[in-house]
Amino acid sequence: MKITALNGFKDIVPGEVELWQKVETAARDIFSRFNFSEIRMPILEKTELFARSIGETTDIVEKEMYTFIDKQITMRPEATASLLRAYIQHGLHVQKPVQRLFTIGPMFRHERPQMGRLRQFHQMDVEVIGAQNPRVDAELMAMGAMLLEELGVTVSLELNSLGCPACRPGFRKTLLDFIEDRYEALCDDCKRRSNTNPLRVLDCKNPSCRAQVVEAPSIQEHLCQECSDHFAVVQKGLQQLGVSYSLNKFMVRGLDYYTRTTFEFITGDLGAQAAVGAGGRYDGLIEQLGGPKVPGIGFALGMERLVLLLQQKKGAETVQGEMDLFVAGLGETASHFVFPLVHALRRKGLQVAMDHEGRSLKSQMKQANKAGAHYVLIVGEAELEQGQAVLRNMDDQKQTDIEIGTGIDKLSQSLLEICKPLDKFSDILTKRI
Ligand code: HAM
């Protein structure tokens with residue numbers, strides 16, 4: 001019987017992995033433009049870390065974590081908690097008052113798998129720790145928007161403020177009063193939630209609950225003065241940076257640590273999995289985890305969802321690989337001769353491949369084409385005796401006789417001479433040889 005991957009766990013195979021690399025390269029580029037440094041944390045953490053940060057009564061902690069119960073350790077369901085744990089453990093606040101950190105990697109949640117929702121998924125997560133200024137909130141959202149725009153992904157940005165411990169309890173009470181009259185029409189989950197975390201009733205996906213909360217009070221109108229001022233500057237900042245957004249009073253997020261600004265990048269192209277990325281401010285969390293009293297804000301982008309969106313774009317199903325040179329040795333003697341040459345060219349920095357199975361020229365040309373080789377060096381037995389070979393430029397199909405002599409030096413020199421006038425790749429070859 002064949003063994004397959006677990007449900008909700010996915011291989012990322014060649015042909016697909018190039019899109020992942022594209023997404024990651026674009027992200028690393030943008031994150032460095034915004035002065036973020038990379039941090040990497042382990043996948044396993046003490047269960048308590050997530051219970052204390054994400055919240056005991058959240059769906060993630062209640063039902064979705066991969067936990068080794070006997071050891072009380074959990075495979076991280078998100079990156080923020082682990083990153084803050086590392087920030088505190090290494091005293092990173094002492095090094096810099098404001099830390100701008102990012103991390104990229106797999107997260108684990110036992111959810112029902114569907115398009116864009118996996119049990120092992122990947123996030124690109126950024127956090128700014130130590131900055132209170134609302135302009136930072138705007139800057140972060142603008143960075144996310146810039147990355148998505150550069151990747152060619154269209155999303156809308158939805159924004160809310162969840163207030164702070166001073167104003168949220170008041171809103172919670174107002175909301176509970178509102179919910180009370182509609183309690184019987186709510187789904188079982190929301191009935192339960194109205195006791196533990198009534199704000200979550202606002203973002204229930206159940207159509208009947210949605211209908212009930214249309215007229216619900218907006219937290220944006222119940223913010224204390226500080227939160228209200230903060231929210232106003234966040235919006236002003238977004239306007240200054242030309243980032244369009246819409247206010248969404250129903251967005252409350254599924255993690256308990258948020259205060260003030262929360263936001264989501266939403267797409268209409270992935271069915272139910274509308275959020276490509278999401279985040280917000282968590283001003284009390286670091287202290288709550290035993291760290292210094294510093295504020296924080298961040299967001300995470302879901303890589304599977306980003307890749308799906310890129311795949312949906314016309315003509316972008318696969319990104320073709322590229323290679324400088326394919327060396328086609330025809331027959332055993334030629335293969336024996338080119339074997340160390342290929343190695344020496346790789347040592348010089350060229351991306352080179354050869355066939356080891358004694359295949360025909362036609363079949364080797366096919367391989368070269370598939371690999372995206374810019375040049376193919378064809379070494380036949382007869383030509384080899386005269387120290388000659390043929391170099392074919394795969395982009396314009398021009399063929400040139402080339403002197404290969406008896407070793408790498410002659411070959412390198414000939415490649416250089418010939419590739420130089422041929423085309424744009426001569427630059428690469430010139431530099432590397
Ligand atoms: P989150 O909303 O739970 O937030 O996840 C962020 C993003 O990760 C989602 O918008 C989605 O794109 C992706 N994602 C989440 N779950 C799955 C899944 N099962 N399959 C595929 N993609 C998924 C957080 O995790 C927060 N830590 C974000 C944050 C950072 N807040 C502050 N800093």
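The largest cavity has a volume of about 80 Å³, where a volume is the space filled by probe spheres set on grid points joined across faces, edges and corners. This is a predicted model, in which local features need pLDDT of at least 70 and side-chain atom pairs count only at pLDDT 80 or more, while totals for chains, interfaces and linings use all residues. Residues are numbered from 1 along each chain as its sequence is written, and side-chain values use heavy atoms, with hydrogens and water left out.

A search of the whole structure turns up one cavity of 30 Å³ or more; a cavity is a set of points, on a 1 Å grid over the protein atoms alone, where a 1.4 Å probe fits but cannot get out, and its lining residues have an atom within 4 Å of a point. Thr57, Thr58, Asp59, Glu62, Arg192, Arg193, Thr196, Asn197 and Arg200 line the largest cavity. At least two lining residues come from each of α3 (59-64) and α8 (188-196), and α8 gives the most, with three. Helices (H or I, at least four residues) and strands (E, at least two) are DSSP runs, numbered from the N terminus. The lining has no nonpolar, four polar and five charged residues.

Now for the ligand. Its shell holds 27 residues, with Glu78, Thr80, Glu111, Leu118 and Tyr258 the closest; a residue is near a molecule if one of its heavy atoms lies within 4 Å of it. Three strands, β6 (120-129), β10 (275-281) and β11 (296-302), each supply at least two residues of this shell, and the largest share, six residues, belongs to β10. By class, the shell divides into eleven nonpolar, eight polar and eight charged residues.

Polar contacts (pairs of N or O atoms within 3.5 Å) can be followed one by one. An oxygen atom of the ligand lies 2.9 Å from an N or O atom in the side chain of Arg109. A polar backbone atom of Ala275 is 2.9 Å from an oxygen atom of the ligand, and a polar backbone atom of Phe299 is 3.4 Å from a ligand nitrogen atom. The protein covers 96% of the 650 Å² of accessible area that the ligand has on its own, by the Shrake-Rupley method with a 1.4 Å probe.

Methods:
Polar contact = N/O pair within 3.5 Å; in protein donor to acceptor, adjacent residues only side chain to side chain. Nonpolar A, V, L, I, M, F, W, Y, C, P; charged D, E, K, R; others polar. 1 Å grid on protein atoms, 1.4 Å probe; cavity = no way out; pocket = protein on both sides within 12 Å on 5 of 7 lines; lining within 4 Å.
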